[in-house]
Amino acid sequence: MTPFEHEDALLPSIDDNEEEIIYVSKSEIKRDAEALKKLGVELVQLSKNELSKIPLDEDMIYAIELAQKIKKEGYRRQIQYIGKLLRNRDIDPISQALDKLKNRHNQQNAILHKLEKLRDDLIDTGDAEPIIAWNPQADRQQLRQLARTAKKERDTNKPPKSARLIFQYLKDLSESA
């Protein structure tokens, strides 16, 4: 045995089965921290009712409520602190709950756009049948009367009071259905 072979025997052997060390760049760490701060800002912008629907522990809720009360430089520091707290938590359930809240908001907007289209079509054509098909509880006579009044208001450049009443009526119908 040569002297060099003896030294090799003393060195620890490197197995292929050992875990690899994953190198994370400083820029990637900063991007992750920035993403967590953005998530924290979204959480701070929620109302108390919306916040109660997100799975958060007491420390996070306290930090978020405190950030909602703070202004200027203290707010920035509190957002950084919330980002730091989020680093130690599993953010998947939080993100999913936040996405559900956003999606519900998008669904409500889509419903309102649909109601606006129904109202505009009613005023243009005077035909209440699409609304009756959409919701059989709708009062055909009331809709036609409001549509005639709304068309007169539009033609004479008066405020669209009847158009608003039609929209409110359709909104009430959609909520009762």
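This is a predicted model: local features need pLDDT of at least 70, side-chain atom pairs count only at pLDDT 80 or more; totals for chains, interfaces and linings use all residues.
User: Which residues make the contact of H2 with H6?

Analyst: H2 contributes Leu39, Glu42 and Leu43, while H6 contributes Ile94, Ser95, Leu98 and Lys102. By type, the residues of this contact are 4 nonpolar, 1 polar and 2 charged.

User: Why is H6 called roughly perpendicular to H8?

Analyst: The angle at which H6 and H8 pack is about 80 degrees. The range for roughly perpendicular is 65 to 115, so H6 is roughly perpendicular to H8. The axes of H6 and H8 are 8 Å apart.

User: Which residues make the contact of H6 and H8?

Analyst: On H6 they are Leu122, Ile123 and Asp124; on H8 they are Leu143, Ala147, Ala150, Lys151 and Arg154. The residues of this contact divide into 5 nonpolar, no polar and 3 charged.

User: What makes Gln78 count as buried?

Analyst: Gln78 has a relative accessible area of 11%. Buried means under 20%, so Gln78 is buried. Its place is in helix H5. Apart from neighbours within four places in sequence, Gln78 is in contact with Ala63, Leu66, Ala67 and Ile70.

User: Why is Leu46 counted as buried?

Analyst: The relative accessibility of Leu46 is 13%. Since buried means under 20%, Leu46 counts as buried. Leu46 lies in the loop between H2 and helix H3 (48–51). Residues up to four places away in sequence aside, Leu46 touches Leu51, Ile54, Gln68, Leu98 and Leu101. Leu46 and Leu98 are 52 residues apart in sequence and, C-alpha to C-alpha, 9.4 Å apart in space.

User: Why is Asp32 called partly exposed?

Analyst: Asp32 has a relative accessible area of 44%. Buried means under 20% and exposed means over 50%, with partly exposed in between. Asp32 is therefore partly exposed. Asp32 is in helix H2. From Asp32 to Gly83 there are 51 residues in sequence and 9.6 Å in space, C-alpha to C-alpha.

User: Where does Asn157 lie, and why does Asn157 count as exposed?

Analyst: Asn157 lies in the loop between helix H8 (140–155) and helix H9 (161–176). Its relative accessibility is 70%. As exposed means over 50%, Asn157 counts as exposed. Asn157 is a residue other than glycine with a positive phi, near 55 degrees.

User: What makes a set of residues a nonpolar core, and which residues have the most contacts inside the largest one?

Analyst: The members must be buried residues of the kinds Ala, Val, Leu, Ile, Met, Phe, Trp, Tyr and Cys, joined through side-chain atoms within 4.5 Å. The largest nonpolar core has 20 residues, and Leu43, Ile54, Met60, Ile64 and Ile82 have the most contacts inside it. At least two residues of this core come from each of helix H2 (26–44), helix H4 (58–69), helix H5 (72–87) and helix H6 (92–125). A second, separate core has 18 residues, including Leu122, Leu143, Phe167 and Tyr169.

User: Which residues does Ile82 touch?

Analyst: With residues up to four places away in sequence not counted, Ile82 touches Gly40, Val44, Met60, Ala63, Ile64 and Ala67.

User: How many helices and strands are in the chain, and what share of its residues is buried?

Analyst: The chain has 9 helices and 0 strands. Of its 177 residues, 26% are buried. Among contacts between residues at least 6 apart in sequence, 60% join residues at least 24 apart.

Definitions and conventions:
Residues are numbered from 1 along each chain as its sequence is written. Side-chain values use heavy atoms; hydrogens and water are left out. Buried means under 20% relative accessible area, exposed over 50%, partly exposed in between (1.4 Å probe, protein chains only). Helices (H or I, at least four residues) and strands (E, at least two) are DSSP runs, numbered from the N terminus. Contact means heavy atoms within 4.5 Å. Ala, Val, Leu, Ile, Met, Phe, Trp, Tyr, Cys and Pro count as nonpolar, Asp, Glu, Lys and Arg as charged, and the others, Gly among them, as polar. Axes are lines fitted to C-alpha atoms, for helices over the stretch in contact, and angles run from 0 to 180 degrees between N-to-C directions. Angles under 35 degrees count as roughly parallel, over 145 as roughly antiparallel, 65 to 115 as roughly perpendicular and the rest as oblique.
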